[in-house]
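Subject: Structure handover

Hello,

Please find the structure below, with the sequence. My notes on what was found in it follow.

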Amino acid sequence: SIIDLSDHASQPFYDPSGRYTLIYNGEIYNYKELRLELQKLGYSFKTNSDTEVFLFALIEWGEKSLNKFIGMFSFAFFDKSAGKIFIARDAYGIKPLYFRHIKNKSFSFSSEIKPILKLMSSLPKLNKKRSYEYLVHGLYDHSCETFFEDIYSLEPGHSLIFNIEEQNYALKKWWNPSLVENL
């Protein structure tokens with residue numbers, strides 16, 4: 001917690017109905033403006049945190065809320081009724097987010113690789129291709145692959161929706177830079 005240090009702003013953060021859950025790492029700089037916009041739509045707030053604003057924005061605008069956020073973040077948003085987990089990363093990739101999916105067995109995610117490794121029943125296999133690219137060319141952050149097979153980094157400006165019942169996910173690039181030439 002950075003903005004609201006009270007217990008009411010602790011995570012995981014739940015909406016009043018218990019349908020939605022948010023785990024969030026980051027800071028939204030324009031949360032006060034978004035809060036006012038959400039209040040006009042009928043939302044009431046119990047905290048002064050950007051986390052509560054983040055949660056209600058996702059409930060109200062869904063994936064479109066990502067384009068409203070000014071800040072740095074990675075998060076996981078769980079919709080219990082839909083049976084879906086929505087994870088995303090800020091446009092510049094300031095906050096990391098890793099995931100691993102083994103079809104019909106598990107889906108895990110974290111802002112660090114170490115907790116994902118602890119969930120594995122055996123030692124992870126080295127991703128030789130990524131190791132070679134790092135050792136020979138010095139490349140270490142240019143793709144979604146990590147140094148471990150089957151563990152991926154969600155790329156900056158991307159989101160992923162995991163369907164719990166179907167045990168599959170869809171990746172999406174939600175942010176594209178707008179390049180405007182000033183003459």
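D150 is partly exposed, at a relative accessible area of 36% (buried means under 20% relative accessible area, exposed over 50%, partly exposed in between, with a 1.4 Å probe and protein chains only). This residue sits in the loop that runs between α4 (128-137) and β7 (152-153). Its phi is positive, about 70°, although D150 is not a glycine.

Some notes on the source. This is a predicted model, in which local features need pLDDT of at least 70 and side-chain atom pairs count only at pLDDT 80 or more, while totals for chains, interfaces and linings use all residues. Residues are numbered from 1 along each chain as its sequence is written, and side-chain values use heavy atoms, with hydrogens and water left out.

Q167 also has a positive phi without being a glycine, here of about 55°. Q167 is in the loop between β8 (158-163) and β9, and counts as buried at 16% relative accessibility. Helices (H or I, at least four residues) and strands (E, at least two) are DSSP runs, numbered from the N terminus.

The sheet: six strands make up an open, antiparallel sheet, ordered β1-β2-β3-β4-β8-β9. Two strands count as paired if DSSP finds at least two bridges between them. At the edges are β1 (13-14) and β9 (168-173), each of which pairs on one side only. Strands β2 (residues 20-28) and β3 (residues 71-79) are joined by nine bridges in the antiparallel sense; the partner of Y20 in β3 is D79.

Helix α2 (residues 50-61) packs on the sheet and touches β1, β2, β3 and β4 (84-89), where contact means heavy atoms within 4.5 Å. The direction of α2 makes about 125° with that of β2 (axes are lines fitted to C-alpha atoms, for helices over the stretch in contact, and angles run from 0 to 180 degrees between N-to-C directions).

The cores: a nonpolar core is a set of buried Ala, Val, Leu, Ile, Met, Phe, Trp, Tyr and Cys residues joined through side-chain atoms within 4.5 Å. The largest has 26 residues, and F54, F73 and F75 have the most contacts inside it. Two or more residues each come from β2, α1 (31-40), α2, β3 and β4, with α2 giving the largest share, seven residues. Leaving out residues up to four places away in sequence, F75 touches several residues, including L22, Y24, F54, L58 and F86. Another core, of nine residues, lies apart from the largest one and includes A76, F99, L154 and F162.

Regards
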